[in-house]
Amino acid sequence: MSPSLHLVTEPFLHLHNVSRHLSLPRAFWRAPVERNVLFSHLSLSIGRHERIGLVGTSGCGKSSLLKILLAMDAPDSGEVFCDGVQLRPGSARSLREYRRRVQYIPQDPASSLPPGHTVGQIVAGPLKHLGYNGEIWSRVREVLAQVGLNETLLQRKAGALSGGQAQRVAIARALAISPEFLIADEPVSGLDLPLRAQIRQLLQQVTQQNGMGLLMVTHDISMAAGLCERLLVMHAGQIIEDRATQDILRLPHHPHTRQLLQAIPHLPLTVNG
Amino acid sequence: MLSHIKWSMTMSGLKGMTAEKAKKCEPVLAVEGLTLWIAGEKRISDVSFRIHAGERVCLLGASGCGKSLTAKTITGTPPPGVRISGSIRVNGVEVCGKHPVVRPQAGRVATVFQDSSTALNPLMTLGKQLRLALPAACDGEITAMLEAVGLGDIPRFAARYPAELSGGQRQRLCIALAMQSSSSLLVADEPTTALDVLTQQSVVDVMRKASEARALLFITHDITVAAQLCQHALVMENGRLVESASMAQLLSQPQHPYTQRLVQAAKQAALPSQIASLCGVAV
(Lines give C-alpha, C1' and ligand atoms only; values in the text may rest on other atoms or scores of the structure.)
Protein backbone atom coordinates (compact mmCIF):
# COMPACT_ATOMS: atom_id res chain seq x y z
CA MET A 1 0.00 0.00 0.00
CA SER A 2 1.45 3.34 -0.99
CA PRO A 3 1.66 5.93 1.76
CA SER A 4 -0.75 8.81 1.55
CA LEU A 5 1.37 11.90 1.98
CA HIS A 6 0.23 14.39 4.51
CA LEU A 7 -0.02 17.74 2.77
CA VAL A 8 2.13 20.41 4.31
CA THR A 9 2.71 23.81 2.77
CA GLU A 10 6.39 24.23 3.68
CA PRO A 11 8.00 20.94 4.64
CA PHE A 12 10.95 21.30 6.98
CA LEU A 13 12.15 17.79 6.23
CA HIS A 14 11.37 15.93 3.03
CA LEU A 15 12.34 12.41 2.04
CA HIS A 16 11.87 11.50 -1.60
CA ASN A 17 11.97 7.89 -2.81
CA VAL A 18 14.41 6.88 -0.09
CA SER A 19 15.59 3.25 0.00
CA ARG A 20 17.90 1.47 2.41
CA HIS A 21 19.14 -2.10 2.34
CA LEU A 22 21.17 -4.11 4.81
CA SER A 23 23.70 -6.79 3.86
CA LEU A 24 23.35 -9.82 6.12
CA PRO A 25 26.44 -11.73 7.26
CA ARG A 26 27.25 -14.70 5.03
CA ALA A 27 26.54 -18.17 6.39
CA PHE A 28 29.94 -19.25 4.92
CA TRP A 29 32.55 -17.37 2.94
CA ARG A 30 31.40 -18.42 -0.55
CA ALA A 31 27.72 -17.91 0.14
CA PRO A 32 25.99 -15.15 -1.84
CA VAL A 33 25.44 -11.89 0.00
CA GLU A 34 21.85 -11.72 1.25
CA ARG A 35 20.31 -8.26 1.29
CA ASN A 36 17.50 -7.28 3.61
CA VAL A 37 15.28 -4.39 2.46
CA LEU A 38 14.76 -2.01 5.39
CA PHE A 39 12.55 0.27 3.32
CA SER A 40 12.25 1.14 -0.34
CA HIS A 41 10.92 4.19 -2.25
CA LEU A 42 9.70 5.84 0.90
CA SER A 43 8.55 9.44 0.70
CA LEU A 44 7.63 11.66 3.61
CA SER A 45 7.13 15.37 4.27
CA ILE A 46 7.38 16.84 7.76
CA GLY A 47 6.20 20.36 8.63
CA ARG A 48 8.29 22.72 10.74
CA HIS A 49 5.92 22.86 13.72
CA GLU A 50 4.27 19.47 13.47
CA ARG A 51 4.20 16.96 16.32
CA ILE A 52 4.27 13.54 14.71
CA GLY A 53 4.14 10.06 16.23
CA LEU A 54 5.78 7.12 14.45
CA VAL A 55 4.51 3.71 15.54
CA GLY A 56 5.09 0.16 14.34
CA THR A 57 6.29 -3.24 15.46
CA SER A 58 9.94 -4.02 16.24
CA GLY A 59 11.99 -4.44 13.09
CA CYS A 60 9.59 -2.53 10.81
CA GLY A 61 12.23 0.10 9.93
CA LYS A 62 11.46 2.89 12.42
CA SER A 63 14.98 3.13 13.82
CA SER A 64 16.57 2.98 10.35
CA LEU A 65 14.31 5.82 9.22
CA LEU A 66 15.29 7.77 12.34
CA LYS A 67 18.99 7.35 11.52
CA ILE A 68 18.41 8.74 8.02
CA LEU A 69 16.50 11.72 9.47
CA LEU A 70 19.27 12.35 12.01
CA ALA A 71 21.87 12.23 9.20
CA MET A 72 23.61 9.41 11.06
CA ASP A 73 23.11 7.14 8.06
CA ALA A 74 22.82 7.76 4.32
CA PRO A 75 20.14 6.16 2.12
CA ASP A 76 21.18 3.83 -0.72
CA SER A 77 19.02 5.84 -3.09
CA GLY A 78 16.65 8.78 -2.91
CA GLU A 79 17.04 12.31 -1.58
CA VAL A 80 16.72 13.94 1.82
CA PHE A 81 15.94 17.66 1.94
CA CYS A 82 15.94 20.10 4.84
CA ASP A 83 14.28 23.45 4.10
CA GLY A 84 14.54 22.65 0.39
CA VAL A 85 18.31 22.07 0.53
CA GLN A 86 19.54 18.59 -0.31
CA LEU A 87 21.22 17.02 2.71
CA ARG A 88 22.82 13.98 1.10
CA PRO A 89 25.32 14.12 -0.47
CA GLY A 90 26.47 17.04 1.66
CA SER A 91 29.63 18.52 3.12
CA ALA A 92 30.69 17.84 6.73
CA ARG A 93 29.94 21.50 7.50
CA SER A 94 26.38 21.34 6.18
CA LEU A 95 25.74 18.10 8.08
CA ARG A 96 27.13 19.70 11.26
CA GLU A 97 24.78 22.66 10.84
CA TYR A 98 21.88 20.27 10.15
CA ARG A 99 22.61 18.35 13.37
CA ARG A 100 22.47 21.62 15.31
CA ARG A 101 19.01 22.32 13.89
CA VAL A 102 17.69 18.81 14.53
CA GLN A 103 18.34 17.38 17.97
CA TYR A 104 17.86 13.91 19.36
CA ILE A 105 16.30 12.62 22.60
CA PRO A 106 17.44 9.03 23.26
CA GLN A 107 15.43 6.07 24.44
CA ASP A 108 17.50 5.18 27.47
CA PRO A 109 18.93 8.31 29.13
CA ALA A 110 20.65 6.22 31.79
CA SER A 111 22.97 4.69 29.19
CA SER A 112 23.23 7.73 26.89
CA LEU A 113 24.40 10.14 29.60
CA PRO A 114 28.02 9.59 30.71
CA PRO A 115 27.60 8.45 34.34
CA GLY A 116 30.72 10.24 35.61
CA HIS A 117 29.79 13.64 34.11
CA THR A 118 27.81 16.21 36.05
CA VAL A 119 24.47 17.53 34.81
CA GLY A 120 26.15 20.90 34.15
CA GLN A 121 28.86 19.32 32.00
CA ILE A 122 26.32 17.31 30.01
CA VAL A 123 24.01 20.23 29.21
CA ALA A 124 26.90 22.63 28.55
CA GLY A 125 28.67 20.08 26.28
CA PRO A 126 26.86 20.87 23.00
CA LEU A 127 27.06 24.63 23.70
CA LYS A 128 30.84 24.47 24.10
CA HIS A 129 31.22 22.08 21.16
CA LEU A 130 29.24 24.27 18.77
CA GLY A 131 30.74 27.54 19.97
CA TYR A 132 27.72 29.13 21.63
CA ASN A 133 28.00 32.94 21.49
CA GLY A 134 26.23 33.82 24.76
CA GLU A 135 26.93 33.08 28.40
CA ILE A 136 27.01 29.27 28.54
CA TRP A 137 26.14 28.75 32.21
CA SER A 138 23.17 31.11 32.20
CA ARG A 139 21.84 29.20 29.16
CA VAL A 140 22.36 25.90 31.03
CA ARG A 141 20.38 27.25 34.02
CA GLU A 142 17.68 28.53 31.66
CA VAL A 143 17.10 25.15 29.96
CA LEU A 144 17.27 23.26 33.25
CA ALA A 145 14.53 25.53 34.58
CA GLN A 146 12.56 24.93 31.39
CA VAL A 147 12.56 21.16 31.93
CA GLY A 148 11.66 21.58 35.60
CA LEU A 149 15.06 20.79 37.14
CA ASN A 150 16.53 22.75 40.00
CA GLU A 151 20.00 24.25 39.48
CA THR A 152 21.14 22.46 42.64
CA LEU A 153 21.40 19.42 40.34
CA LEU A 154 24.16 21.11 38.29
CA GLN A 155 26.92 19.31 40.19
CA ARG A 156 25.13 15.96 40.46
CA LYS A 157 26.61 13.14 38.43
CA ALA A 158 24.42 11.49 35.78
CA GLY A 159 24.81 8.09 37.43
CA ALA A 160 23.07 9.41 40.56
CA LEU A 161 19.96 10.67 38.73
CA SER A 162 16.58 8.94 38.81
CA GLY A 163 15.02 7.76 35.52
CA GLY A 164 12.76 10.80 35.21
CA GLN A 165 15.54 13.25 36.09
CA ALA A 166 17.90 11.62 33.55
CA GLN A 167 15.29 11.93 30.79
CA ARG A 168 14.74 15.62 31.70
CA VAL A 169 18.52 16.18 31.48
CA ALA A 170 18.55 14.50 28.05
CA ILE A 171 15.75 16.84 26.94
CA ALA A 172 17.59 19.87 28.40
CA ARG A 173 20.74 18.86 26.49
CA ALA A 174 18.73 18.67 23.25
CA LEU A 175 17.10 22.07 23.92
CA ALA A 176 20.33 23.86 24.92
CA ILE A 177 21.39 24.85 21.40
CA SER A 178 17.87 25.99 20.42
CA PRO A 179 17.12 23.39 17.75
CA GLU A 180 14.28 23.78 15.27
CA PHE A 181 13.17 20.18 15.42
CA LEU A 182 13.33 17.35 17.97
CA ILE A 183 13.53 13.65 17.16
CA ALA A 184 12.76 11.39 20.12
CA ASP A 185 13.33 7.64 20.07
CA GLU A 186 10.87 6.07 22.53
CA PRO A 187 11.56 8.73 25.17
CA VAL A 188 9.34 7.12 27.81
CA SER A 189 9.65 3.37 27.28
CA GLY A 190 11.89 2.85 30.33
CA LEU A 191 9.77 4.98 32.67
CA ASP A 192 6.79 4.12 34.84
CA LEU A 193 3.35 5.53 34.05
CA PRO A 194 3.35 8.61 36.34
CA LEU A 195 6.74 9.65 34.89
CA ARG A 196 5.53 9.00 31.34
CA ALA A 197 2.68 11.47 31.87
CA GLN A 198 5.15 14.07 33.20
CA ILE A 199 7.54 13.67 30.23
CA ARG A 200 4.59 13.85 27.78
CA GLN A 201 3.48 17.14 29.35
CA LEU A 202 7.05 18.41 29.28
CA LEU A 203 7.51 17.60 25.59
CA GLN A 204 4.19 19.27 24.79
CA GLN A 205 5.20 22.35 26.77
CA VAL A 206 8.73 22.76 25.33
CA THR A 207 7.63 22.25 21.73
CA GLN A 208 4.83 24.82 22.14
CA GLN A 209 7.01 27.35 23.99
CA ASN A 210 9.90 27.11 21.52
CA GLY A 211 7.81 26.64 18.37
CA MET A 212 9.59 23.38 17.60
CA GLY A 213 8.44 20.34 15.68
CA LEU A 214 8.71 16.82 17.09
CA LEU A 215 8.95 13.37 15.58
CA MET A 216 8.52 10.74 18.27
CA VAL A 217 9.04 7.04 17.74
CA THR A 218 6.95 5.21 20.30
CA HIS A 219 5.32 1.92 21.12
CA ASP A 220 2.90 3.71 23.38
CA ILE A 221 0.03 4.67 21.07
CA SER A 222 -1.89 6.29 23.92
CA MET A 223 1.09 8.62 24.48
CA ALA A 224 1.16 9.49 20.77
CA ALA A 225 -2.60 10.11 20.97
CA GLY A 226 -2.08 12.62 23.76
CA LEU A 227 0.87 14.45 22.22
CA CYS A 228 0.94 14.15 18.44
CA GLU A 229 -1.55 15.58 16.01
CA ARG A 230 -0.28 13.39 13.16
CA LEU A 231 0.48 9.67 13.26
CA LEU A 232 2.59 7.54 10.93
CA VAL A 233 2.18 3.77 11.09
CA MET A 234 5.07 1.74 9.67
CA HIS A 235 4.92 -1.89 8.69
CA ALA A 236 7.51 -3.95 6.80
CA GLY A 237 9.43 -0.89 5.65
CA GLN A 238 6.41 1.03 4.38
CA ILE A 239 4.37 3.84 5.87
CA ILE A 240 0.96 2.24 5.74
CA GLU A 241 -1.01 5.07 7.35
CA ASP A 242 -0.23 8.78 7.52
CA ARG A 243 -3.17 10.77 8.84
CA ALA A 244 -4.36 12.85 11.78
CA THR A 245 -3.94 10.81 14.99
CA GLN A 246 -7.58 11.07 16.01
CA ASP A 247 -8.68 9.92 12.51
CA ILE A 248 -6.45 6.84 12.67
CA LEU A 249 -7.66 6.01 16.17
CA ARG A 250 -11.29 6.41 15.15
CA LEU A 251 -11.06 4.65 11.81
CA PRO A 252 -7.88 2.65 11.18
CA HIS A 253 -7.72 1.72 7.48
CA HIS A 254 -4.99 -0.89 7.47
CA PRO A 255 -5.51 -4.29 9.17
CA HIS A 256 -2.09 -3.98 10.82
CA THR A 257 -3.08 -0.66 12.42
CA ARG A 258 -6.24 -2.31 13.76
CA GLN A 259 -4.09 -5.12 15.18
CA LEU A 260 -1.80 -2.59 16.87
CA LEU A 261 -4.73 -0.73 18.40
CA GLN A 262 -6.37 -3.92 19.62
CA ALA A 263 -3.12 -5.02 21.29
CA ILE A 264 -2.85 -1.90 23.49
CA PRO A 265 -2.70 -3.18 27.06
CA HIS A 266 -5.40 -1.82 29.31
CA LEU A 267 -6.43 -2.19 32.91
CA PRO A 268 -8.90 -5.07 32.97
CA LEU A 269 -12.13 -4.86 34.91
CA THR A 270 -11.61 -8.46 35.97
CA VAL A 271 -8.10 -9.77 36.44
CA ASN A 272 -7.03 -13.05 34.87
CA GLY A 273 -6.70 -15.74 37.44
CA MET B 1 4.31 2.96 55.72
CA LEU B 2 4.45 -0.77 55.52
CA SER B 3 8.01 -1.90 55.88
CA HIS B 4 7.60 -5.60 56.31
CA ILE B 5 4.86 -7.38 54.45
CA LYS B 6 4.10 -11.09 54.47
CA TRP B 7 1.17 -11.76 52.23
CA SER B 8 1.37 -15.50 51.89
CA MET B 9 0.42 -18.17 54.30
CA THR B 10 2.23 -17.68 57.60
CA MET B 11 4.11 -20.48 59.30
CA SER B 12 1.59 -20.42 62.16
CA GLY B 13 -1.04 -21.53 59.66
CA LEU B 14 0.97 -24.65 59.00
CA LYS B 15 0.64 -25.90 62.58
CA GLY B 16 -1.20 -29.13 62.84
CA MET B 17 -0.57 -30.17 59.24
CA THR B 18 1.19 -33.37 58.34
CA ALA B 19 4.78 -33.12 57.07
CA GLU B 20 3.65 -34.04 53.56
CA LYS B 21 0.94 -31.39 53.48
CA ALA B 22 3.33 -28.83 54.92
CA LYS B 23 5.82 -29.63 52.16
CA LYS B 24 3.11 -29.10 49.56
CA CYS B 25 2.32 -25.70 51.12
CA GLU B 26 5.97 -24.71 51.28
CA PRO B 27 6.54 -21.68 49.06
CA VAL B 28 8.70 -22.01 45.97
CA LEU B 29 10.28 -18.67 46.88
CA ALA B 30 10.47 -17.24 50.40
CA VAL B 31 12.28 -13.94 50.86
CA GLU B 32 12.65 -12.86 54.50
CA GLY B 33 14.06 -9.53 55.67
CA LEU B 34 16.20 -9.03 52.56
CA THR B 35 18.42 -5.96 52.98
CA LEU B 36 21.14 -4.93 50.56
CA TRP B 37 23.87 -2.28 50.67
CA ILE B 38 25.99 -0.98 47.80
CA ALA B 39 29.05 1.10 48.78
CA GLY B 40 27.62 1.52 52.27
CA GLU B 41 24.29 2.84 50.99
CA LYS B 42 21.17 0.84 51.84
CA ARG B 43 19.42 0.08 48.54
CA ILE B 44 16.92 -2.58 49.62
CA SER B 45 15.40 -2.52 53.06
CA ASP B 46 13.77 -5.44 54.86
CA VAL B 47 11.88 -6.94 51.93
CA SER B 48 9.81 -10.06 52.67
CA PHE B 49 7.39 -12.00 50.48
CA ARG B 50 6.52 -15.53 49.42
CA ILE B 51 5.42 -17.14 46.16
CA HIS B 52 3.83 -20.57 45.90
CA ALA B 53 3.77 -22.97 42.95
CA GLY B 54 1.47 -21.83 40.14
CA GLU B 55 1.32 -18.22 41.38
CA ARG B 56 2.12 -15.30 39.12
CA VAL B 57 3.33 -12.33 41.13
CA CYS B 58 4.54 -8.99 39.79
CA LEU B 59 6.98 -6.63 41.48
CA LEU B 60 6.04 -3.09 40.47
CA GLY B 61 7.90 0.15 41.01
CA ALA B 62 9.56 3.15 39.41
CA SER B 63 13.03 2.98 37.82
CA GLY B 64 15.70 2.79 40.50
CA CYS B 65 13.38 1.61 43.29
CA GLY B 66 15.31 -1.64 43.73
CA LYS B 67 13.08 -4.14 41.97
CA SER B 68 15.75 -5.34 39.49
CA LEU B 69 18.29 -5.49 42.32
CA THR B 70 15.86 -7.71 44.27
CA ALA B 71 15.46 -9.95 41.20
CA LYS B 72 19.22 -10.18 40.66
CA THR B 73 19.77 -11.08 44.31
CA ILE B 74 17.18 -13.86 44.01
CA THR B 75 18.76 -15.23 40.82
CA GLY B 76 22.24 -15.03 42.39
CA THR B 77 23.68 -12.35 40.11
CA PRO B 78 23.80 -9.15 42.18
CA PRO B 79 26.34 -6.48 41.15
CA PRO B 80 29.84 -6.90 42.60
CA GLY B 81 30.60 -5.36 46.00
CA VAL B 82 27.13 -5.68 47.50
CA ARG B 83 26.49 -6.64 51.14
CA ILE B 84 23.39 -8.76 51.65
CA SER B 85 21.53 -9.77 54.79
CA GLY B 86 18.32 -11.72 55.20
CA SER B 87 17.16 -14.99 53.78
CA ILE B 88 16.19 -16.22 50.30
CA ARG B 89 14.87 -19.77 50.17
CA VAL B 90 14.09 -21.42 46.83
CA ASN B 91 12.23 -24.73 47.31
CA GLY B 92 13.37 -24.68 50.92
CA VAL B 93 17.06 -24.28 49.99
CA GLU B 94 18.85 -21.24 51.43
CA VAL B 95 20.48 -19.46 48.46
CA CYS B 96 21.05 -15.92 49.76
CA GLY B 97 24.37 -14.60 48.43
CA LYS B 98 25.09 -17.80 46.49
CA HIS B 99 26.10 -17.65 42.82
CA PRO B 100 23.96 -19.88 40.53
CA VAL B 101 26.81 -22.31 39.83
CA VAL B 102 27.31 -23.15 43.54
CA ARG B 103 23.59 -23.55 44.24
CA PRO B 104 22.13 -27.04 44.48
CA GLN B 105 19.77 -27.97 41.63
CA ALA B 106 16.64 -27.22 43.70
CA GLY B 107 17.87 -23.70 44.47
CA ARG B 108 18.43 -22.62 40.87
CA VAL B 109 16.16 -20.10 39.19
CA ALA B 110 15.16 -19.80 35.52
CA THR B 111 15.66 -16.20 34.40
CA VAL B 112 14.48 -14.04 31.51
CA PHE B 113 16.42 -10.79 31.23
CA GLN B 114 15.21 -7.41 30.06
CA ASP B 115 17.73 -7.04 27.25
CA SER B 116 17.51 -10.15 25.11
CA SER B 117 20.31 -8.95 22.81
CA THR B 118 22.86 -9.23 25.63
CA ALA B 119 21.35 -12.46 26.99
CA LEU B 120 22.37 -14.33 23.82
CA ASN B 121 25.88 -14.72 22.43
CA PRO B 122 26.07 -12.25 19.51
CA LEU B 123 28.91 -14.18 17.80
CA MET B 124 27.24 -17.60 17.72
CA THR B 125 24.37 -18.73 15.46
CA LEU B 126 21.13 -19.56 17.20
CA GLY B 127 21.41 -23.20 16.11
CA LYS B 128 24.76 -23.53 17.91
CA GLN B 129 23.45 -21.76 21.00
CA LEU B 130 20.42 -24.06 21.18
CA ARG B 131 22.64 -27.13 20.77
CA LEU B 132 24.95 -25.84 23.53
CA ALA B 133 22.06 -25.17 25.91
CA LEU B 134 20.26 -28.44 25.15
CA PRO B 135 22.97 -30.99 24.25
CA ALA B 136 20.74 -34.02 24.83
CA ALA B 137 17.68 -32.73 22.97
CA CYS B 138 16.81 -34.17 19.57
CA ASP B 139 15.68 -31.99 16.66
CA GLY B 140 12.04 -32.87 17.31
CA GLU B 141 12.24 -31.64 20.89
CA ILE B 142 13.90 -28.38 19.85
CA THR B 143 11.23 -27.88 17.16
CA ALA B 144 8.46 -28.47 19.72
CA MET B 145 10.15 -26.05 22.14
CA LEU B 146 10.38 -23.31 19.52
CA GLU B 147 6.85 -23.94 18.26
CA ALA B 148 5.56 -23.44 21.81
CA VAL B 149 6.75 -19.84 21.63
CA GLY B 150 5.78 -19.27 17.99
CA LEU B 151 9.24 -19.74 16.46
CA GLY B 152 8.66 -22.95 14.54
CA ASP B 153 10.83 -22.38 11.46
CA ILE B 154 14.08 -24.02 12.64
CA PRO B 155 16.05 -24.12 9.35
CA ARG B 156 15.42 -20.37 9.03
CA PHE B 157 16.52 -19.55 12.56
CA ALA B 158 19.38 -22.00 13.02
CA ALA B 159 21.76 -20.15 10.69
CA ARG B 160 20.86 -16.70 11.99
CA TYR B 161 22.74 -14.61 14.55
CA PRO B 162 20.84 -12.95 17.44
CA ALA B 163 21.22 -9.50 15.85
CA GLU B 164 19.24 -10.72 12.82
CA LEU B 165 16.14 -11.45 14.90
CA SER B 166 13.65 -8.85 16.05
CA GLY B 167 13.49 -7.96 19.76
CA GLY B 168 10.32 -9.99 20.23
CA GLN B 169 11.77 -13.07 18.51
CA ARG B 170 14.90 -12.91 20.68
CA GLN B 171 12.83 -12.47 23.84
CA ARG B 172 10.59 -15.44 22.94
CA LEU B 173 13.71 -17.55 22.33
CA CYS B 174 15.03 -16.58 25.79
CA ILE B 175 11.69 -17.56 27.34
CA ALA B 176 11.79 -20.88 25.45
CA LEU B 177 15.25 -21.57 26.87
CA ALA B 178 14.08 -20.63 30.38
CA MET B 179 11.13 -23.01 29.97
CA GLN B 180 13.58 -25.87 29.37
CA SER B 181 15.01 -25.35 32.83
CA SER B 182 13.79 -27.79 35.45
CA SER B 183 13.55 -24.94 37.98
CA SER B 184 10.15 -24.41 39.55
CA LEU B 185 10.72 -20.64 39.78
CA LEU B 186 10.88 -18.26 36.81
CA VAL B 187 12.09 -14.69 37.37
CA ALA B 188 11.44 -12.34 34.44
CA ASP B 189 13.11 -8.92 34.72
CA GLU B 190 11.12 -6.47 32.57
CA PRO B 191 10.89 -8.83 29.56
CA THR B 192 8.35 -6.62 27.76
CA THR B 193 10.02 -3.23 28.14
CA ALA B 194 10.85 -1.63 24.78
CA LEU B 195 8.74 -4.15 22.87
CA ASP B 196 5.89 -3.02 20.66
CA VAL B 197 2.33 -3.78 21.76
CA LEU B 198 1.86 -6.75 19.41
CA THR B 199 5.12 -8.40 20.48
CA GLN B 200 4.36 -7.52 24.10
CA GLN B 201 1.06 -9.37 23.80
CA SER B 202 2.71 -12.47 22.34
CA VAL B 203 5.44 -12.41 25.04
CA VAL B 204 2.78 -12.12 27.78
CA ASP B 205 0.93 -15.12 26.28
CA VAL B 206 4.15 -17.13 26.21
CA MET B 207 4.97 -16.09 29.79
CA ARG B 208 1.52 -17.24 30.91
CA LYS B 209 2.14 -20.62 29.29
CA ALA B 210 5.66 -20.82 30.75
CA SER B 211 4.39 -20.18 34.27
CA GLU B 212 1.63 -22.82 34.22
CA ALA B 213 3.76 -25.37 36.04
CA ARG B 214 6.00 -23.01 38.01
CA ALA B 215 5.95 -19.89 40.14
CA LEU B 216 6.56 -16.59 38.35
CA LEU B 217 8.08 -13.37 39.67
CA PHE B 218 7.47 -10.74 37.00
CA ILE B 219 9.44 -7.49 37.41
CA THR B 220 7.94 -4.53 35.60
CA HIS B 221 7.17 -0.83 35.82
CA ASP B 222 4.15 -1.20 33.54
CA ILE B 223 1.06 -1.95 35.60
CA THR B 224 -1.11 -2.48 32.50
CA VAL B 225 1.11 -5.37 31.32
CA ALA B 226 1.31 -6.81 34.85
CA ALA B 227 -2.49 -6.73 35.09
CA GLN B 228 -2.75 -8.96 31.99
CA LEU B 229 -0.54 -11.64 33.53
CA CYS B 230 -0.34 -11.61 37.31
CA GLN B 231 -2.77 -12.48 40.10
CA HIS B 232 -0.86 -10.73 42.86
CA ALA B 233 1.17 -7.53 43.02
CA LEU B 234 3.97 -6.26 45.22
CA VAL B 235 4.83 -2.56 45.00
CA MET B 236 8.28 -1.18 45.82
CA GLU B 237 9.33 2.39 46.47
CA ASN B 238 12.80 3.56 47.50
CA GLY B 239 13.96 0.02 48.25
CA ARG B 240 11.00 -0.85 50.47
CA LEU B 241 7.96 -2.99 49.84
CA VAL B 242 5.10 -0.54 50.35
CA GLU B 243 2.05 -2.52 49.24
CA SER B 244 1.05 -6.10 48.64
CA ALA B 245 -2.38 -7.06 47.37
CA SER B 246 -4.23 -9.15 44.84
CA MET B 247 -4.17 -7.47 41.43
CA ALA B 248 -7.92 -6.85 41.49
CA GLN B 249 -7.68 -5.19 44.90
CA LEU B 250 -4.65 -3.14 43.88
CA LEU B 251 -6.48 -1.77 40.85
CA SER B 252 -9.74 -1.06 42.67
CA GLN B 253 -8.43 0.06 46.09
CA PRO B 254 -4.78 1.11 45.98
CA GLN B 255 -3.60 1.99 49.49
CA HIS B 256 -0.15 3.56 49.24
CA PRO B 257 0.17 7.05 47.65
CA TYR B 258 2.65 5.73 45.01
CA THR B 259 0.28 2.90 44.03
CA GLN B 260 -2.58 5.38 43.84
CA ARG B 261 -0.52 7.56 41.46
CA LEU B 262 0.41 4.48 39.41
CA VAL B 263 -3.19 3.29 39.00
CA GLN B 264 -4.40 6.83 38.32
CA ALA B 265 -1.72 7.33 35.62
CA ALA B 266 -2.65 3.99 34.00
CA LYS B 267 -6.32 5.05 33.84
CA GLN B 268 -5.40 8.44 32.39
CA ALA B 269 -3.00 6.91 29.85
CA ALA B 270 -5.72 4.63 28.49
CA LEU B 271 -7.28 5.63 25.19
CA PRO B 272 -10.50 7.56 25.59
CA SER B 273 -13.21 4.94 25.92
CA GLN B 274 -15.18 6.25 22.95
CA ILE B 275 -12.18 5.86 20.61
CA ALA B 276 -11.09 2.61 22.22
CA SER B 277 -14.48 1.01 21.69
CA LEU B 278 -14.41 2.13 18.04
CA CYS B 279 -11.03 0.42 17.71
CA GLY B 280 -12.40 -2.74 19.27
CA VAL B 281 -10.26 -2.29 22.41
CA ALA B 282 -12.04 -3.53 25.50
CA VAL B 283 -12.01 -1.04 28.36
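Chain B of this predicted model is divided into two domains, with domain 1 covering residues 11–109 together with 186–279, and domain 2 covering residues 116–182. Where these two domains of chain B meet, the contact takes 11 residues from domain 1 and 10 residues from domain 2. On the side of domain 1 of chain B that touches domain 2 of chain B, the element that gives the most is helix H8, residues 197–210 of chain B, with seven residues.

Let me turn now to a sheet in chain B. In which order do its four strands lie? They form an open sheet in the order E2-E1-E4-E5 of chain B, and the pairing is antiparallel. As a reminder for those who are new to this, strands of a sheet pair through backbone hydrogen bonds, either parallel or antiparallel. The edge strands in chain B are E2, residues 41–51, and E5, residues 93–94, each of which pairs on one side only. Helix H2 of chain B, residues 67–75, packs on this sheet and touches strands E1 (29–38), E2 and E4 of chain B, while the direction of the helix makes about 115 degrees with that of E1(B). If you follow strand E4 of chain B, residues 82–90, you will see that E4 and E5(B) pair in the antiparallel sense over two bridges, and that Val93(B), in E5(B), is the bridge partner of Val90(B).

I would also like you to look at one residue, Ile223(B), which is found in helix H9 of chain B, residues 223–229. Is Ile223(B) buried or exposed? Ile223(B) counts as buried because 27 other C-beta atoms lie within 10 Å, and the cut-off for a buried residue is 20 or more. Leaving aside neighbours within four places in sequence, Ile223(B) is in contact with Leu60(B), Leu262(B), Val263(B) and Ala266(B), and also with Leu193(A) from chain A. Although Ile223(B) and Leu262(B) are 39 residues apart along the chain, their C-alpha atoms are separated by 7.5 Å.

That brings me to chain A, whose secondary structure comes to 10 helices and 10 strands. Its radius of gyration is 20 Å, which agrees with the value near 19 Å that a compact globule of 273 residues would have. Buried residues make up 45% of the 273 residues in chain A. Finally, among the contacts in chain A with a separation of 6 or more, 71% are accounted for by residues 24 or more positions apart.

Terms used: Residues numbered from 1 in each chain as written. Chains lettered and ligands numbered in written order. Predicted model: local features only at pLDDT ≥ 70, side-chain atom pairs only at ≥ 80, totals over all residues. Rg over C-alpha atoms; globule rule 2.2 N^0.38 Å. Buried ≥ 20, exposed ≤ 12 C-beta atoms within 10 Å, placed from the backbone. Contact = placed C-beta atoms within 7 Å. Pairing = 2+ DSSP bridges. Axes fitted to C-alpha atoms, helices over the stretch in contact; angles between N-to-C directions. Domains from an automatic or database assignment.
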